[in-house]
Amino acid sequence: MKSDLFSSEHMAQPATAPGMSLQNAKCVKYVVDGEMHARQGSMVAYRGTLKFERKGQGIGGMLKRAVTGEGLPLMAVRGQGEAWFAHEAANCFLVEMEQGDVLTVNGRNVLCFDASLSYEIKTVKGAGMAGGGLFNSVFSGFGKLGLMCDGHPVVIPVTAQQPVYVDTDAVVGWSAHLSTSLHRSQSIGSMVRGGSGEAVQLMLQGDGFVIVRPSELKQEKASSN
């Protein structure tokens with residue numbers, strides 16, 4: 001049987017080392033030797049002796065079943081084998097974190113990550129319920145984090161002299177040490193008369209960066225997993 005489908009570009013290659021890598025722009029491959037964490041329902045294929053658990057004992061105690069404002073629970077993947085993760089053909093990116101790095105990420109953009117990373121679910125300071133009750137995952141430690149994004153993300157530098165204002169539905173993540181607050185760009189009068197709809201943004205101040213996607217929030221499809 002002959003087809004471009006069977007070219008090396010599409011074929012899964014034998015595992016060479018444990019850990020995370022890009023299978024392609026839309027899929028992350030993880031060679032599991034122990035434990036890793038992933039978004040529930042994101043596993044599209046696996047081979048080997050792996051177990052997928054929504055709850056259970058994780059490294060250092062009970063696995064955190066982290067639920068963000070978008071209702072994104074995590075699962076533990078344990079054993080030895082290979083697993084592939086993707087979500088609705090979103091673009092995938094790997095972030096390699098070193099000791100001392102801290103990154104805050106919108107939960108809907110988290111695909112998978114090393115169990116060696118620490119994470120907490122926190123309310124975005126300054127946002128509150130007026131900003132949609134923003135909940136972000138704050139990652140720290142040493143390891144790799146797999147992110148996903150609709151379209152090609154834009155990384156915008158933030159400086160002390162020039163804050164950046166982002167749509168809360170488009171933000172992917174930012175340097176965790178940046179300060180956050182809500183910014184209202186329209187007067188009440190213009191909103192009543194029919195404004196742009198972008199009435200409130202998240203303002204980021206300090207020195208660092210913010211990642212945004214070129215699309216606003218879509219309604220999440222119910223997962224059957």
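A salt bridge is a side-chain nitrogen of Lys or Arg within 4 Å of a carboxyl oxygen of Asp or Glu. Side chains of opposite charge can pair when their charged atoms come close. By this rule, the structure has five salt bridges. The model is predicted, so local features need pLDDT of at least 70 and side-chain atom pairs count only at pLDDT 80 or more, while totals for chains, interfaces and linings use all residues. Residues are numbered from 1 along each chain as its sequence is written, and side-chain values use heavy atoms, with hydrogens and water left out.

**R47 and E82**
- R47 and E82 form a salt bridge, with N and O 2.7 Å apart.
- R47 lies in strand β3 (residues 43-53) and E82 in strand β6, so this pair ties together parts 35 residues apart in sequence; strands (E, at least two residues) are DSSP runs, numbered from the N terminus.
- R47 is partly exposed at 39% relative accessibility, whereas E82 is buried at 10%; buried means under 20% relative accessible area, exposed over 50%, and partly exposed in between (1.4 Å probe, protein chains only).
- Salt bridges that share partners join K29, R47 and E82 into one network.

**R78 and its partners**
- R78 forms a salt bridge with E35, the closest N and O atoms being 3.6 Å apart.
- R78 is in strand β6 (residues 74-85) and E35 in strand β2 (residues 27-39), so the pair links parts 43 residues apart in sequence.
- R78 also forms a salt bridge with E53, at 2.3 Å between the closest N and O atoms.
- E53 is in strand β3, so its pairing with R78 in strand β6 ties together parts 25 residues apart in sequence.

**Burial around R78**
- R78 is buried, at 15% relative accessibility, and E35 is buried at 16%.
- E53 is partly exposed, with a relative accessible area of 25%.

Terms used: Helices (H or I, at least four residues) and strands (E, at least two) are DSSP runs, numbered from the N terminus.
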